[in-house]
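Here's a quick tour for anyone meeting this structure for the first time. Have a look at it below, then read on.

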Amino acid sequence: MPQYADRFEVLSYDQAFSYILEFDYVICSRALVYGSFEESLQRFKILRRRLRPGGILLFQLPAIGTDLWPKWVNYAITEMGSLIVGYNLHSLSKVYLSFTDVCDLLERAGFKICNGPTPYDLPRGEYPGGIVRNWLGVAINNN
């Protein structure tokens, strides 16, 4: 759809649309949460700096309770109940957040949660089946 080409950039979220210093709204759909909880926290802090004070974050984050893909090689559970799963040596770990860790992650990054997190399950129609659970919610840049 070439008529919309001027509305999209393919860059890292902290570099995209560099001529816009602050956004009013950001939609985060399962992005930024991988590797480890601390790495995810740093990504959300960078994201918050691109959002104006009082700006709105609409989030969909991966939740504990998602049926895992097979062939995982290791896992760890955080003190607050999130699951970090490693699939192979050449890919980043996936982080499936507990309710408590979602709240902690966003609050430590400088957001105030004003709606949610609410669990939402979707069926996974393709292999390996099961459900994909997400946390949905709204947070405000508290800085």
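E1 and E2 run parallel, and six bridges join them. One of the pairings to look for is Val-26, whose bridge partner in E2 is Leu-57. Keep in mind that this is a predicted model.

**The sheet**
- E1 and E2 belong to an open sheet of four strands, which come in the order E1-E2-E7-E6.
- The pairing across this sheet is mixed.
- E1 and E6 sit at the edges with a single partner strand each, so one side of each has no neighbour in the sheet.
- On average, neighbouring strands here are turned by 10 degrees against each other, if you ignore direction.

**The helices on the sheet**
- H1 packs on the sheet and touches E1, E2, E6 and E7.
- The direction of H1 makes about 145 degrees with that of E2.
- H2 packs on the sheet too, touching E2, E6 and E7.
- Between the directions of H2 and E6, the angle is about 140 degrees.

**The nonpolar core**
- The largest nonpolar core holds 25 residues.
- Those with the most contacts inside this core are Phe-44, Leu-57, Leu-61, Leu-97, Leu-106 and Phe-111.
- At least two core residues come from each of these: strand E1 (23-29), helix H1 (37-49), strand E2 (51-62), helix H2 (99-108), strand E6 (111-123) and strand E7 (131-141).
- Take Leu-106: setting aside neighbours within four places in sequence, this residue is in contact with Phe-44, Leu-57, Phe-59, Phe-111 and Ile-113.

Note on methods: Residues are numbered from 1 along each chain as its sequence is written. This is a predicted model: local features need pLDDT of at least 70, side-chain atom pairs count only at pLDDT 80 or more; totals for chains, interfaces and linings use all residues. Side-chain values use heavy atoms; hydrogens and water are left out. A nonpolar core is a set of buried Ala, Val, Leu, Ile, Met, Phe, Trp, Tyr and Cys residues joined through side-chain atoms within 4.5 Å. Buried means under 20% relative accessible area, exposed over 50%, partly exposed in between (1.4 Å probe, protein chains only). Contact means heavy atoms within 4.5 Å. Two strands pair if DSSP finds at least two bridges between them. Axes are lines fitted to C-alpha atoms, for helices over the stretch in contact, and angles run from 0 to 180 degrees between N-to-C directions.
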